[in-house]
Amino acid sequence: MKDSSRRAFLGAGAFAGAAWISCQAPEAESPGADSGPSALGAPVRRYGERSPYETSARGVRDSQTPEAASSRTPLDKTYGIITPSALHFERHHAGVPEIDPATHSLTIHGLVDRPLVFSLDDLRRLPSVSRVHFVECSGNSGGEWSPAGAPTVQLSHGLASCSEWTGVPLRILLEEAGIKPEAKWILAEGADACLMQRSATLEKALEDGLVAYGQNGEALRPEQGYPIRLILPGWEGNTNVKWLRRIKLTEGPQYVKDETSKYTELMEDGTAWIFTFEMDAKSVITSPSGGHSIDGAGFHEISGLAWSGRGKITSVEVSTDGGETWTEATLQNPVYSRAFTRFRFPWRWNGKECVLQSRCQDETGYMQPSREALIAERGRVSAYHCNRIKTWKVGIDGSVSNVEA
Amino acid sequence: MSKLSLAVFLVFATQTLCAQSYGIGRPATEAEIESLDVTIGPEGRELPDGSGSVQEGAQVYEVRCKECHGESGAGGDHAALVGNPEQLKQAPPIKTVGSFWPYATTLFDYTRRAMPFEEPGTLTDDQIYAVTAYVLHINGIVDENATLDRESLPKVEMPNRGGFVRDPRSKP
């Protein structure tokens, strides 16, 4: 503030002036040894790194084939709705390829009038959009089919992450190639060692499919499909094919290994649901959550994430008494469709043992089920798409743990 | 311009207009598509030439697959490749090529694209027909004298062919 404006401000009234002076008190003191940093900080740098005091990391389990494995997002150590790209979960089936974007391209062929090849430069010339969407492995929360469930939110729900994706609507590329009327499905293929393939409906591809080259303001991370990946908003993670190199338009699905052997849901009568694309609405309290320790009775904000593959989250309710009573939480605005939605709930802990839960509803009216309701619908062996309510217990010592439900 | 040539011109002009709105992207050549398009659908129309027998497949399996998938597909460090549909009803269920996969063509397609895990793309089409025949044989699906090729493989009936239903939650 310049001197003249300071005087004008002081003249505005004795009360305001006094308040201003008390706020500015440190400035009035003479600079002393402990009034500020005494050493110069680090110089500017080309690419930022986080503070050395920050240590949150993806959770990786030992695997004999770490190239066909997964790593989990520490959801309880992220804020807001965006997952930092470096913490986005991974699930690869044949490792992360190193791809030179100058030599990579996307071929659109099959039931089209004109098969086309798009270079990365071509894709970046076309009209672009940016959209916030979660990606969730359909095996996320798979351990929650059992009554015990996983001890931390990273282990139970960490195969889900949310990013702002930038790219070309798939519709533009398909229409550019000219869609033949017989085409009803697409097959998307990656350039990883196993040439990951998935079938998806043409309807979905045209509705909101995206060929993404951007993630959270910069290029995709190699683990997320650099230089391009498919985003099919709200559909199970595996259909969002990474390192995308080819899209073939077809009459029907191709019944590839990862839509038959894997990513299908077995029912108790031995039949299996196939093409279980949309991720059902799910929510989980991330703070406090399993493994945390609450520091004394009094005010603590309960916070968590909710998402649905079918649209926007319309409400999240929180219970602090094991599901006896439910109260509406506040949703962070704006709420995006098929994206993480942050909910917050002010809470005063009375220091007694209590049980915390959240449940969400999406714009189709679907309500996140309890474990019993889910099992009544789908049995115990379907392995994928588990979206049951997660329960955390707060002990009298403030320790937070997973509880059987 | 005659009426006819004007009509031809108009048709041509609208066609190019519908053709590409942005004019970005180059035509893919047939050779490019052929080398990229490894997809083999459930009817097996795209299957390549070549053939392989159960006996040949046993040798391929021994050298290229056994270290990970175990003696006779019993599983070991990685997925078992043998099972029967009854095992889908037991707890926990066991899903394998024999017990679960609906199409034999998928086994050929997946092995050709992705196996052996550390060096996919290193087997010939004959070897892939052979190891496919072998894996189907150890599941009791084809007999020990079987030889598979583009004609016979799509005709192999998988025990769990009728075991899949569309997800009632999804839109069609």
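What share of the contacts in chain B with a separation of 6 or more comes from residues 24 or more positions apart? They account for 59% of those contacts, where a contact means heavy atoms within 4.5 Å. The model is predicted, local features need pLDDT of at least 70, side-chain atom pairs count only at pLDDT 80 or more, and totals for chains, interfaces and linings use all residues. Residues are numbered from 1 along each chain as its sequence is written, chains are lettered from A and ligands numbered from 1 in the order in which they are written, and side-chain values use heavy atoms, without hydrogens and water.

**Chain B**

Chain B has 7 helices and 4 strands, taken as DSSP runs numbered from the N terminus (helices: H or I, at least four residues; strands: E, at least two). Their order from the N terminus is α-β-α-β-α-α-α-α-α-β-β. Of the 172 residues in chain B, 42% are buried; buried means under 20% relative accessible area, exposed over 50%, and partly exposed in between (1.4 Å probe, protein chains only).

The count of disulfides over all chains is 0, a disulfide being a pair of cysteine sulfur atoms within 2.5 Å. For B:Cys65, the nearest cysteine sulfur is that of B:Cys68, 8.8 Å away. B:Cys65 counts as buried at 15% relative accessibility, while B:Cys68 is partly exposed at 24%.

**Helix 8 of chain A**

Helix 8 of chain A spans residues 371-378, and A:Arg371, A:Leu374, A:Ile375 and A:Arg378 in this helix are buried. These residues lie on the same side of the helix because they cover an arc of only 95 degrees around the axis, judged by the directions from the helix axis to the C-beta atoms. A:Glu372 and A:Ala376, on the other side, are exposed. The cover over the buried residues includes strand 14 (265-266) and strand 15 (272-274) of chain A.

**Aromatic pairs**

Over all chains there are 13 aromatic pairs. Rings of Phe, Tyr and Trp (its six-membered ring) pair if their centres lie within 6.5 Å; planes under 30 degrees apart count as stacked, over 60 as edge-to-face and the rest as tilted. Two of the pairs are listed here.

| Pair | Centre to centre | Angle between planes |
|---|---|---|
| A:Phe134 and A:Trp307 | 6.3 Å | 55 degrees |
| A:Tyr263 and A:Tyr384 | 5.3 Å | 40 degrees |

A:Phe134 and A:Trp307 are both buried, as are A:Tyr263 and A:Tyr384.
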